[in-house]
Amino acid sequence: MEASREQRMFLVLVLLFLGRTEQATESSPQQDLECSVFDYEYMDCDWGSKQKPAGNYSLYYWYESDKEKQCEIYLQSGDINTGCRFREIKLFKYFHIYVNTSDGMKVFQKEMQLQNQVKPSPPIDFRFEEKSNNQLLLSWGSASPKKHCLEHYITYKSSKDKKWQEVKTNDMKYSVASVDPQKLYTFYVKSKVRSVCATTNVWSDPAGPLFWGTNTTREDDPPVSIWIQRSIIPVGSVLLLLLLLLILMRMDRVWLVLMPRIPNPRNKFEDLFTAHQGNFSEWAGVSKDAVESFKPNYRESICCVSELFPGGGYLPICNNAMGKAGGVAGIPADPTLKVNIE
């Protein structure tokens with residue numbers, strides 16, 4: 001019985017420990033409390049936009065020497081509080097903040113000065129101006145109410161460069177010492193509050209990309225039209241040709257229209273070439289009398305010419321031709337030389 005009681009007590013302790021662990025896990029979000037002041041106008045404190053908390057939390061705050069207040073404008077996601085927005089911004093005073101769960105458990109607590117939490121808006125109104133000696137002046141503006149407190153970070157490179165050039169400046173302009181108009185230059189610019197006004201490393205979102213130059217092709221980031229010309233169009237043309245060839249090979253009717261076959265007469269006139277050896281008249285049944293009627297049955301008369309001698313007499317010269325022709329009726333074939341001696 002004693003062993004059984006000890007086992008029960010051990011199980012109860014384990015269950016209590018696991019229950020508290022699960023409750024703490026559910027009530028404690030994984031995301032930290034992050035506060036950002038946007039252009040000195042308002043501030044958002046966020047604790048659940050990246051990972052939604054298990055329940056609603058309450059935020060409380062106060063400035064030094066002020067009374068504690070609860071958040072007036074909660075930021076929500078699906079009826080769950082994920083942050084708080086502040087319209088009242090006081091600089092160079094300590095700002096205290098903490099977040100509680102619904103059962104009063106404190107999950108976040110921070111102390112800060114809000115001038116160190118300022119995140120400027122990205123630079124705007126960019127202009128390029130070409131100067132003498134191939135210099136290029138890049139200028140811009142800012143929507144921040146305290147432009148004199150900003151420093152700027154410029155990164156740029158040409159279409160032929162592999163590494164980015166990085167420059168910091170307190171002015172809202174930057175001059176590139178030497179540029180080549182035949183190259184394409186890419187620029188990015190971002191801003192933050194500099195050390196004379198605050199202690200922060202919060203940069204604005206970068207503005208860009210900004211382009212200057214006449215070369216419209218970039219080695220590191222070719223335009224979409226170049227990719228289409230280099231890859232998609234050739235591959236698509238080859239695939240289209242293959243598809244057309246496949247269709248033509250399978251469509252016999254189309255193939256016969258485009259490439260008609262030459263008929264083989266042997267398959268239809270086999271007797272003409274085998275039994276009759278190509279004799280069309282015999283294969284067609286034409287009688288021999290009809291065939292003979294088409295042959296010529298006449299002979300032309302040969303005109304004999306005799307040579308006369310000065311002393312008299314003559315020599316017929318058509319005897320050889322008559323001999324070869326077999327003789328013609330009415331023409332003498334005497335080869336004897338006839339001479340008149342009178």
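This is a predicted model: local features need pLDDT of at least 70, side-chain atom pairs count only at pLDDT 80 or more; totals for chains, interfaces and linings use all residues.

Biologist: Okay. Which side chain does Lys-90 meet in a salt bridge?

Modeller: Glu-88, with 3.4 Å from N to O. Glu-88 is partly exposed as well, at 38% relative accessibility.

Biologist: How many salt bridges does the structure hold?

Modeller: There are 6. One of them joins the side chains of Arg-85 and Asp-44, at 2.7 Å from N to O. Arg-85 is in strand S6 (residues 81–86) and Asp-44 is in strand S2 (residues 42–46), so this pair ties together parts that sit 41 residues apart in sequence.

Biologist: And Asp-44, buried or exposed?

Modeller: Asp-44 is buried, with a relative accessible area of 14%.

Biologist: What about Lys-192, what does it form a salt bridge with?

Modeller: With Glu-151, where the closest N and O atoms are 3.0 Å apart. That pair links distant parts of the chain, since Lys-192 is in strand S15 and Glu-151 in strand S12, 41 residues apart. Lys-192 and Glu-151 are both buried. There's another contact to look at here: the charged end of Lys-192 sits over the ring of Trp-203, 5.6 Å from its centre.

Biologist: Where else does a charged end sit over a ring?

Modeller: Look at Arg-87: its charged end sits over the ring of Tyr-42, 6.0 Å from the ring's centre.

Biologist: Which strands does S15 pair with?

Modeller: S12 and S15 pair in the antiparallel sense over 9 bridges. S15 is also joined to strand S16 (residues 207–213) by 5 bridges, again antiparallel. If you want landmarks, Thr-155 has Tyr-188 of S15 as its bridge partner, and Thr-186 is partnered by Phe-211 in S16.

Biologist: Switching topic: rings. How many aromatic pairs does the count come to?

Modeller: The count comes to 14 aromatic pairs. Take Trp-62 and Tyr-98: their ring centres are 6.2 Å apart and their planes are at 65°, so the pair is edge-to-face. Trp-62 lies in strand S3 (residues 58–63) and Tyr-98 in strand S7 (residues 94–100), so the pair ties together parts that are 36 residues apart in sequence.

Biologist: How accessible are Trp-62 and Tyr-98?

Modeller: Trp-62 counts as partly exposed at 23% relative accessibility, while Tyr-98 counts as buried at 10%. Another edge-to-face pair is Trp-164 with Tyr-188, at 5.8 Å centre to centre and 65° between the planes. Trp-164 is in the loop between strand S12 (150–158) and strand S13 (165–169), Tyr-188 is in strand S15 (residues 184–193), and the two are 24 residues apart. Trp-164 is partly exposed at 36% relative accessibility, and Tyr-188 is partly exposed at 28%.

Biologist: Which residues form an aromatic cluster?

Modeller: Tyr-61, Tyr-63, Phe-86 and Phe-95 form one.

Biologist: Now the open sheet of 5 strands. What order are they in?

Modeller: S5-S6-S2-S1-S9, with mixed pairing. Strand S5 (73–76) and strand S9 (118–119) stand at the edges with a single partner strand each, so one side of each has no neighbour in the sheet.

Biologist: Do S1 and S9 pair parallel or antiparallel?

Modeller: Parallel: strand S1 (residues 34–38) and S9 pair over 2 bridges. Val-37 stands opposite Val-118 in S9.

Biologist: Last one: which residues form a nonpolar patch on the surface?

Modeller: Leu-240, Leu-241, Leu-243, Leu-244, Ile-247 and Met-251, with about 550 Å² of accessible area together. Leu-241 is in helix H2 (residues 224–250), and it is exposed, with a relative accessible area of 54%.

Terms used: Residues are numbered from 1 along each chain as its sequence is written. Side-chain values use heavy atoms; hydrogens and water are left out. Rings of Phe, Tyr and Trp (its six-membered ring) pair if their centres lie within 6.5 Å; planes under 30 degrees apart count as stacked, over 60 as edge-to-face and the rest as tilted. Helices (H or I, at least four residues) and strands (E, at least two) are DSSP runs, numbered from the N terminus. Buried means under 20% relative accessible area, exposed over 50%, partly exposed in between (1.4 Å probe, protein chains only). A charge sits over a ring if NZ of Lys or CZ of Arg is within 6 Å of the ring centre and within 35 degrees of the ring normal. Patches are made of residues with over 30% relative accessible area and no salt bridge: like charges are joined within 9 Å, nonpolar side chains (Val, Leu, Ile, Met, Phe, Trp, Tyr) within 5 Å. Accessible areas come from the Shrake-Rupley method with a 1.4 Å probe; for residues, only the protein chains shown count as cover. A salt bridge is a side-chain nitrogen of Lys or Arg within 4 Å of a carboxyl oxygen of Asp or Glu. Two strands pair if DSSP finds at least two bridges between them.
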